[in-house]
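Open your viewer and get ready to select residues. Each stop on this tour gives you something to pick and something to look for.

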Amino acid sequence: MVNRALLRELKLSLYAKGYCHLELGSIEEYEALSAQLGIVFAKTNIEVDTSKGGALLTSKGMSLHTDHPIAKYVAWFCECPSMDGGESLLMDSHELIDNFTASEKDALRSIFVRIPAGGEKKYELAPMLSQFGLYYADWLIHRPQQKSGDALNIFIKRLEQSKPAEIKLKKNDALFIDNKRVLHGRKAFYGNTRRLVRYWIKTRIHIND
Ligand SMILES: [Fe+2]
């Protein structure tokens, strides 16, 4: 049973600023709220696991990016916080892009970003900017052309100069973001107690379905 007041707060906050930080009582509440936003199509435990590759499962910081482009929303539930560090970083892409010129926005639409994929096919490509919003990770940019590269450089410079919101999740806190609008990252942390449960949520109708 979903808490109607929390759901209303969640939807209003996602609409107004692209993210919502909630203090919840249990992971069941998190699951119920997530299910109201769409279909949870991937669940990942985010914790230090040195047996696997990639920065995600380490204690390192992560630069601002968006997740898989099919995920309209990304959510995290904090099962155990870090002792020190690990703040979530959030930046609204509207603040970065809204005053780009029309030609600069066209240039961003011509840039493609790799979507990591399993199996024999190594990756697919998605536009950095589309009618659905932003898809961006600096380590996944696919060979920008010179003209589009200029707009990309402006975007990167603005991103580097931006002042993202910082949120330190406590036990039983949840953070929901509009993944097509808000870039996220994290600060490095210490120790290996930090454990989050991440959901990728797609809306019921999506161009990539
Ligand atoms: Fe991410």
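**Stop 1: a pair of facing residues.** Start with Val-113 and Ala-126. Val-113 stands opposite Ala-126, which belongs to strand β8. Keep in mind that you are looking at a predicted model. Now show strand β7, residues 112-116, together with β8. The two pair in the antiparallel sense over 5 bridges.

**Stop 2: the sheet around them.** You now have an open sheet of 3 strands, in the order β8-β7-β11, with antiparallel pairing. Which strands stand at the edges? They are β8 (123-127) and β11 (141-142), each with a single partner strand, so one side of each has no neighbour in the sheet. Strands of a sheet pair through backbone hydrogen bonds, either parallel or antiparallel.

**Stop 3: two domains.** Zoom out and colour by domain. Domain 1 covers 19-93 + 163-202, and domain 2 covers 98-160. Their centres, taken over C-alpha atoms, are separated by 23 Å. Where the domains touch, 10 residues of domain 1 are in contact with 10 residues of domain 2. Select strand β3, residues 62-65: with 3 residues, β3 gives the most to the side of domain 1 that touches domain 2. Colour that side by class, and you will find 3 nonpolar, 5 polar and 2 charged residues.

**Stop 4: the largest nonpolar core.** How many residues does the largest nonpolar core have? The count is 41. Select those with the most contacts inside this core: Tyr-73, Ala-75, Trp-76, Met-128, Leu-175, Phe-176 and Ile-177. Strand β4, residues 73-80, supplies the largest share of the core, 6 residues. Both domain 1 and domain 2 give residues to this core, so the core lies between them. In soluble globular proteins, nonpolar side chains tend to be buried together.

**Stop 5: strand β4.** Stay with β4. Is β4 largely enclosed or left open? Of its 8 residues, 6 are buried, so β4 is largely enclosed by the rest of the structure. Next, show its partner strands. β4 runs antiparallel to β13 (residues 173-178), joined by 5 bridges. β4 also runs antiparallel to β16 (residues 195-202), joined by 7 bridges. Click on Phe-77 to see both pairings. Its bridge partner in β13 is Ala-174, and its bridge partner in β16 is Val-197.

Now click on Ala-75. Leave aside its neighbours within four places in sequence. Ala-75 is then in contact with Ser-34, Ala-174, Leu-175, Phe-176, Arg-198, Tyr-199 and Ile-201.

**Stop 6: helix α2.** Select helix α2, residues 27-37. Which of its residues are buried? They are Tyr-30, Leu-33, Ser-34 and Leu-37. Turn the model until you look down the axis of α2. The buried residues fall within an arc of 100 degrees, so they line one face of the helix. Then show what they pack against: α1 (4-17), β2 (39-47), β4, β13 and β16.

Stop 7: Finish at Asn-172, in the loop between β12 (165-167) and β13. Most residues other than glycine have a negative phi. Asn-172 has a positive phi of about 70 degrees, although it is not a glycine.

Key: Residues numbered from 1 in each chain as written. Predicted model: local features only at pLDDT ≥ 70, side-chain atom pairs only at ≥ 80, totals over all residues. Core = buried A, V, L, I, M, F, W, Y, C linked by C-beta atoms within 7 Å. Buried ≥ 20, exposed ≤ 12 C-beta atoms within 10 Å, placed from the backbone. Helix = DSSP H or I, 4+ residues; strand = E, 2+ residues; numbered from the N terminus. Domains from an automatic or database assignment. Contact = placed C-beta atoms within 7 Å. Nonpolar A, V, L, I, M, F, W, Y, C, P; charged D, E, K, R; others polar. Pairing = 2+ DSSP bridges. Arc of directions from axis to C-beta.
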